[in-house]
Amino acid sequence: MTVLVTTPNGAVGRHVTAALRDRDDVRFFVRSDAGARALGAVRGEVVRGDATVAADVRRAVAGVDRMYLAHPFAVDQVAAETGLVDAALDAGVRRIVKLGARPFAGAGIVPDAVTGAHDVVTGRLRAGGVPELTVLRPDRFLQNFLPSADAIARGTFADPAGPAGARGYVDVRDIADVAVAELLAERGVGGDIDLSGPEALTLPVLADRFGAALGRPVAYVDVPLDDAWRTGLTDGGVPPGVVDGLHDLYANYRAEGVAGLGDGVRHVLGRAPRSAADFAAEVLVPAVSGA
């Protein structure tokens, strides 16, 4: 068995890498020498290449039996992932664990490019007849709030998803644990696996959980999806198409209301998912303290 890990330095991929770095039957596909250095020491093979270049992708999937497929939301996401899918199918890869996204439900939901990209790739996987396919469908990542850790520590938790909706914010360590279990199991659970934390929380309540761990009040601040929000992203170098996708994604968070919870962590791993309080104590507080 040879396992290919794509995007091994990603939000989830870095934890997949941590779990697999001591195995000699794992191949890590990175874009550059800097990406290879970011992996740290691994026992398996490191393959450098661009996921949108066919020759690089064919080299990465050659001889692979199982693949973890992931890519951040970007203008080249669909091209990169579908190229990997097609090459993997040609190479005879039998099991693919795809990092996808939780679908929205209810009235007022609009098509958004973030979940739409995952839908396109998942459709290609299903049409291609992957013998063993797992699609991980997580809710919002708790770790995505870490870039705001300093502001949270100062007492402000700003986010454009709105104060009313409640979601099962999920720790990416749980997503990685499920991904690794599906990759390595003799017989994976397979199918669509919905992943969330143990309870649906509004952002003001999530701010309270962060504050409790930090030992200081933290207040949620609603960020309007307006021109100022767009300008802040574009001035930071985010491409306009990505800004549009994020706008529609956040609009759907606002429209959905209370999102359903996923039981994938317990179903696959036999344990409860990590809570927002666990994340705050084990990840957020060390990020703030520099530990």
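This is a predicted model: local features need pLDDT of at least 70, side-chain atom pairs count only at pLDDT 80 or more; totals for chains, interfaces and linings use all residues.
Local features here need pLDDT of at least 70, side-chain atom pairs count only at pLDDT 80 or more, and totals for chains, interfaces and linings use all residues. Residues are numbered from 1 along each chain as its sequence is written, and side-chain values use heavy atoms, with hydrogens and water left out.

Me: Why is the contact of Arg-23 with Asp-25 called a salt bridge?
Reply: The term requires a side-chain nitrogen of Lys or Arg within 4 Å of a carboxyl oxygen of Asp or Glu. The closest N and O atoms of Arg-23 and Asp-25 are 2.8 Å apart, so the pair meets the rule. By this rule the model has 29 salt bridges.

Me: What makes Asp-76 and Arg-31 a salt bridge?
Reply: Their N to O distance is 3.7 Å, so the pair falls within the cut-off. Asp-76 lies in the loop between strand 4 (66–69) and helix 4 (77–91), and Arg-31 in the loop between strand 2 (26–30) and helix 2 (33–39), so the pair ties together parts 45 residues apart in sequence. Helices (H or I, at least four residues) and strands (E, at least two) are DSSP runs, numbered from the N terminus. Asp-76, at 23% relative accessible area, is partly exposed.

Me: How do you know that Arg-137 and Asp-192 tie together separate parts of the sequence?
Reply: The two side chains meet in a salt bridge at 3.7 Å, N to O. Arg-137 is in strand 6 (residues 132–138) and Asp-192 in strand 9 (residues 191–195), so the parts joined are 55 residues apart in sequence. Asp-192 is partly exposed, at 38% relative accessibility.

Me: What makes the space of about 1300 Å³ a pocket?
Reply: On a 1 Å grid over the protein atoms alone, a pocket is an open set of points with protein on both sides within 12 Å along at least five of seven lines; a cavity is a set where a 1.4 Å probe fits but cannot get out. The volume is the space filled by probe spheres set on the points, which are joined across faces, edges and corners. This is the largest pocket.

Me: How many residues line the largest pocket?
Reply: There are 46, a lining residue being one with an atom within 4 Å of a point. Ala-11, Phe-73, Phe-141, Asn-144 and Leu-246 lie nearest the centre of the largest pocket. Helix 10 gives the most to the lining, with 5 residues.

Me: Why are strand 2 and strand 3 said to pair?
Reply: Pairing needs at least two DSSP bridges between the strands. Strand 2 and strand 3 (residues 45–48) have 4 bridges, in the parallel sense, so they pair. Phe-29 has Val-47 in strand 3 as its bridge partner.

Me: What makes the crossover from strand 2 to strand 3 right-handed?
Reply: With the strands pointing away from the viewer, the path from the first strand over the helix to the second must run clockwise. The chain crosses from strand 2 through helix 2 to strand 3, and this β-α-β crossover is right-handed.

Definitions and conventions
Buried means under 20% relative accessible area, exposed over 50%, partly exposed in between (1.4 Å probe, protein chains only).
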